[in-house]
Amino acid sequence: MVAGSISHEIESPVEAKRLWNAFVKDGHNLLPKQVPEIFSSITLLEGDGGVGSIRQINFTPANEEFSYVKERVDEADEEKLVYRYSHVEGGMLGKKLASAKYEFKYTPKPNGGTVCSSVFYYDSLPGVPNDEAKIKEIKDMGTALFKRIDDYLIANPAAYS
């Protein structure tokens with residue numbers, strides 16, 4: 001078993017609170033609408049969206065590795081703009097990973113805009129090698145997804161204000 005993490009940072013001209021509102025508070029609606037080729041639906045299964053809530057993300061066949069993942073919200077700090085969640089079922093759990101946790105921070109920049117930092121913490125299953133190409137793919141996919149929503153917010157300045 002290998003414990004590891006993948007860190008990534010992206011800058012945006014969009015205000016941190018708007019990114020928070022779009023991704024964290026309304027991502028279950030926004031992601032399937034803005035990225036329908038990847039997300040078929042996101043459904044709240046338990047809770048109200050806050051800490052302890054469970055949601056299921058269903059993917060389209062474009063995601064060849066898995067069809068769904070269930071996530072548990074571990075932290076949703078709207079004051080600090082920090083969001084943490086863990087995969088509890090589906091995804092790569094049991095296939096390549098023993099655990100998967102994510103952390104997102106939306107940090108306002110002094111002259112406007114935001115630095116969005118993310119960390120993916122994982123424990124791989126025994127015998128699963130570290131795959132640098134997969135790590136690059138995960139970062140690239142995360143950047144592309146972020147840019148899609150970022151571009152939407154730039155084009156729609158009243159959205160999520």
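Which residues does Ile 149 touch, not counting residues up to four places away in sequence? Let's look around this predicted model and find out.

## Starting at Ile 149

Leaving out residues up to four places away in sequence, Ile 149 touches Ala 22, Phe 23, Leu 30, Leu 31, Gln 34 and Val 35. Ile 149 also turns up in the largest nonpolar core, which has 36 residues. In that core, Tyr 106 and Ile 149 are the two that touch the most other members. As for where the core's residues come from, helix α1 (residues 16-25) gives the largest share, with six.

Here's a bit of background: in soluble globular proteins, nonpolar side chains tend to be buried together.

## The chain as a whole

Now zoom out. The protein chain has three helices and seven strands. Reading from the N terminus, the order of elements is β-α-α-β-β-β-β-β-β-α.

What about overall size? A compact globule of 161 residues would have a radius of gyration near 15 Å, and this chain has 16 Å, so the two agree. Along the principal axes, the C-alpha atoms fill a box of roughly 50 × 30 × 30 Å. Buried residues account for 40% of the 161 residues. If you take the contacts with a separation of 6 or more, 48% of them are between residues 24 or more positions apart.

α1 packs against helix α2 (residues 27-34) at an angle of about 85°, and their axes are 6 Å apart. With that angle, α1 is roughly perpendicular to α2. On the α1 side, the contact is made by Ala 22, Phe 23, Val 24 and Lys 25, while α2 brings Gly 27, His 28, Leu 30 and Leu 31. Sorted by class, that contact has five nonpolar, two polar and one charged residues.

## A buried Asp

One more residue deserves a stop. Asp 150 is in helix α3 (residues 132-155). Is Asp 150 buried or exposed? Its relative accessibility is 0%, so Asp 150 counts as buried, the cut-off being under 20%.

Which residues does Asp 150 touch, again not counting residues up to four places away in sequence? They are Ser 12, Pro 13, Val 14 and Leu 19.

Notes
Residues numbered from 1 in each chain as written. Predicted model: local features only at pLDDT ≥ 70, side-chain atom pairs only at ≥ 80, totals over all residues. Heavy atoms only, no water. Core = buried A, V, L, I, M, F, W, Y, C linked by side-chain atoms within 4.5 Å. Buried < 20%, exposed > 50% of the residue type's maximum accessible area, 1.4 Å probe, protein only. Helix = DSSP H or I, 4+ residues; strand = E, 2+ residues; numbered from the N terminus. Contact = heavy atoms within 4.5 Å. Axes fitted to C-alpha atoms, helices over the stretch in contact; angles between N-to-C directions. Parallel < 35°, antiparallel > 145°, perpendicular 65-115°, else oblique. Nonpolar A, V, L, I, M, F, W, Y, C, P; charged D, E, K, R; others polar. Rg over C-alpha atoms; globule rule 2.2 N^0.38 Å.
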